[in-house]
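Please keep the 3D view open while reading.

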Amino acid sequence: MAHPGRRLRAAFGVLVLLLAVLGTRLIQLQGLDGASYAQRAELQRRHVQTLPAGRGAIVDRNGIPLAMSVDSNTVYADPTQARAQAPAIAAVLAPRLQISVPDLLGRLVRPNTRYVVLARDVDPGVARGIVETLAQQRLAGIGTEPDARRIYPADQVAANLLGFPPNGPKTGAGLELSSNRLLAGHDGKIVAELGAGGREIPSGQHAERRPVPGSTVQLTIDRDIQWAAQQALAAQVKAVHADSGTAIVMDPRSGEVLAMATAPTFDANKPGSGPPGSLNPAVSDVYEPGSVNKVITVSGALQEGVVTPGTPVTIPPQLRLVGHTFHDAEQHGTEHLTVAGVLAKSSNIGTIKISQRLGKAKLHDYLRAYGFGELTGVGLLGESRGILPPTDQWSASQQYTIPFGQGVSVTALQVASVYATIANGGVRAVPTLLRGTIRPDGSAVPAARESTRRVVSAEVARQVRNMLEAVTSDQGTAPAARIAGYRIAGKTGTAQRPNPACSCYAGGGYTASFVGFAPADNPQLLVGVVLQKPRSGHFGGQVAAPVFQSVMSFALKSREIPPTGTRPPTVRLVAR
Amino acid sequence: MSMAPMPGPAGGRGHRQGSVRRSPQLTVVAPRRQRAARVPFALVVLLVIGGGLIGLLLLNTVLAQDAFVLHDLQRRSVILGDRQQQLQETVVREEAPSVLAGRAAALGMVPGGSPLFLRLPDGKILGKPRASRGLAVAMPAPAPTPAPTPTVTPSANPSAKPSSNPSAKPGATSKPTPTPSGTRR
């Protein structure tokens, strides 16, 4: 190596070799594997955070929230990291999450997983305290995720309508489920590069998609009236030892439901505390309506012109037809009532006689026109159509029992809708619960209104209203429904309940109901009350009318509806 | 740069100054002193580079500082947001009708009786005044006030028993043939 030329060449060769090695490595790192290294580096910095879309609230007609969502956190553990210091972590978490230490320890060391939920619906402040305390003590393996908690500020109020939000397929109930598409919204996310301590690197990439919150759904329900109806109903169900009850408050002019109460009910904040059976029996449970049905028979007969309010009807003590003997509620001799008297005194025999003039085909037509056997259109899940068989399937006796409401099954809302039609001058407004939606940007979208249909003429509706007003007179069946100063029209119903044990009516108990509206000459509110199987008394005028009186008084005051200041007309109930 | 411009026949200036006949003598002209011009140039360059670097540093510092401030402010905003939400929830819960009714009852209040209405166009007074007779609606009452009478029970109200038939019921002996509609779900 003495020769300088050789030495130079050797050095050159070594340099070339070195450069070649470095160059190759460079190409390997930057060119061939570059993408994957860049990706790994980015993965260390890159952080994707889901921004949960706020679920829309459900508010009453005055904008008071019945259901709303508040932020909460889910606290979870990564046992692969938490295992080493589990006792110290458990000591920090136990008092804050109110979970026992042994329970926490079990979850903190769970094998073969990197995600164990420790607590849901944790207050954000508490969750932040946990994260900061753990960071101070250099304990790793616990994380929090943003979440939302659904609260129902008024607890039981309208729980039967609201239900609970879906949490996975085939879960959820009530309006929370049926309006889920409007309420849910779309989640957003932030993609950002974070440095140590979770702070964003200023010049790093940053992509953000804002969440689209759900819309607010506004109901026609009035929270206060709903509460009053639930209170009055629950108290009466208890007082008369009834199985259950429903109360519906409607504005007959628009079909808007102001309250739909059921008893027993449950606290919406504690799903699972509900009574067994359906969420909202007011639309899902059917029963035989009894005498409230007579208004259909009488209004149909008036509309067809086969009777007038003053037409005399002779009522024998009993009536024998197709092998059955029909009675009235009370024993009486032969009476001479008018059509108005038949309705006011709720005579079964009189109603059968009127229905014979109407004919069963026409009777069926009117039952259909008033909405029997079809969905009311209120749009609640689990609604029943009721049971109205076609005339050719009617048994021999059904043609005489259906006119006074036995042998046909309906929901409480269907019955309320019949009386709303009379109250609204013979025009049926489709019952509705949705007032509209309020979009996240604050714009309001009123709900589409279903078309109305005329069932009977305004004149027939007026005549029937006068007859129904006589029901609350001293001669009628429900003086207990009267409210001082107001003209009240309504009808009692006392129906036998079928006994499933024997497929007969014996021992089945009764359904007591009262449906009425006020003021009678300018109806603005309608209240329908149904009590199933009351054991202390069973007449609608005794058991259901007081609930009507209480709820109607409250609703009239709440809606600031003054009396009309007119005198009720004299309606002749007795012929001759 | 190191050569002076060569005067030539074409050169206008040389031409005028004379010495036309003599052949031009080429001499090495002393190079102009350039050193004095280089120092300010280098200084300017250094200044630009230094200024740029310092500016960049400041910019980065400010950005980083802002990131810290942003982080702290965001944290504060979140805490305040949580607080607001907590207070809102409390207000909404306190507004619930059952809570209000309970509070009112505890203060000895009862729901009002029938109100009177004054109709302005004709000055007519509508309605029948009636003092509150206990509670129209049964309250969940922890009330020290007279116990709320629940909604009128049938026996409590003599007028609830009408002289005429209270309501119709189907003839007890008639037993309408049970139909499919007879079974209640």
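Helix α4(A) passes helix α6(A) in a right-handed crossing. The model is predicted. In chain A, α4 covers residues 86–97 and α6 covers residues 124–136. Their axes come within 11 Å and cross at roughly 160°. Angles over 145 degrees count as roughly antiparallel, so α4(A) is roughly antiparallel to α6(A). From α4(A), the contact draws on Ile89(A), Val92(A), Leu93(A) and Arg96(A). Val126(A), Gly129(A), Ile130(A), Thr133(A) and Leu134(A) answer from α6(A). By class, that contact holds six nonpolar, two polar and one charged residues.

**Helix pairs**

Two packed helices are described by the angle between their axes and the distance between the axes.

| Helix pair | Residues | Angle | Axis distance |
|---|---|---|---|
| α4(A) and α6(A) | 86–97 and 124–136 | roughly 160° | within 11 Å |
| α10(A) and α20(A) | 223–239 and 545–558 | about 165° | 9 Å |
| α12(A) and α14(A) | 294–303 and 348–358 | roughly 45° | within 9 Å |

Take α10(A) and α20(A) next. They pack at about 165° and are therefore roughly antiparallel to each other. Their crossing is right-handed. Asp224(A), Ile225(A), Ala228(A), Ala229(A), Ala232(A), Leu233(A) and Gln236(A) supply the α10(A) side. On the α20(A) side stand Pro546(A), Val547(A), Ser550(A), Val551(A), Phe554(A), Ala555(A) and Ser558(A). This contact has ten nonpolar, three polar and one charged residues.

Then come α12(A) and α14(A). Their axes cross at roughly 45°, which makes α12(A) oblique to α14(A). The crossing of α12(A) and α14(A) is left-handed. Lys294(A), Thr297(A), Val298(A), Gly300(A) and Ala301(A) of α12(A) make the contact with Thr351(A), Ile354(A), Ser355(A), Arg357(A) and Leu358(A) of α14(A). The residues divide into four nonpolar, four polar and two charged.

**Strands β1, β6 and β7**

Which strands pair with β6(A)? One is β1(A), residues 46–51, which pairs with β6(A), residues 188–193, in the antiparallel sense over six bridges. Within this pairing, His47(A) has Ala192(A) of β6(A) as its bridge partner. Another is β7(A), residues 206–209. Four bridges join β7(A) to β6(A), and the two run antiparallel. Here Ile190(A) stands opposite Glu208(A) of β7(A).

**The five-stranded sheet**

Chain A also has an open sheet of five strands, in the order β10-β9-β21-β20-β19, with antiparallel pairing. Which strands lie at its edges? They are β10(A), residues 256–263, and β19(A), residues 489–496; each pairs on one side only. On average, neighbouring strands of this sheet are turned by 10° against each other, direction ignored.

Inside the sheet, look at β9(A), residues 244–251, and β21(A), residues 525–532. They pair over seven bridges in the antiparallel sense. Thr246(A) stands opposite Val530(A) in β21(A). In a regular strand the side chains alternate between the two faces of the sheet.

What lies across β9(A), β20(A) and β21(A)? Helix α17(A), residues 412–423, does, running at about 150° to β21(A). Strand β20(A) spans residues 510–518.

Methods:
Residues are numbered from 1 along each chain as its sequence is written. Chains are lettered from A and ligands numbered from 1 in the order in which they are written. This is a predicted model: local features need pLDDT of at least 70, side-chain atom pairs count only at pLDDT 80 or more; totals for chains, interfaces and linings use all residues. Axes are lines fitted to C-alpha atoms, for helices over the stretch in contact, and angles run from 0 to 180 degrees between N-to-C directions. Angles under 35 degrees count as roughly parallel, over 145 as roughly antiparallel, 65 to 115 as roughly perpendicular and the rest as oblique. A crossing is left-handed if the near helix is turned anticlockwise from the far one by less than a right angle, and right-handed if clockwise. Two residues are in contact if their C-beta atoms, placed from the backbone, lie within 7 Å. Ala, Val, Leu, Ile, Met, Phe, Trp, Tyr, Cys and Pro count as nonpolar, Asp, Glu, Lys and Arg as charged, and the others, Gly among them, as polar. Two strands pair if DSSP finds at least two bridges between them.
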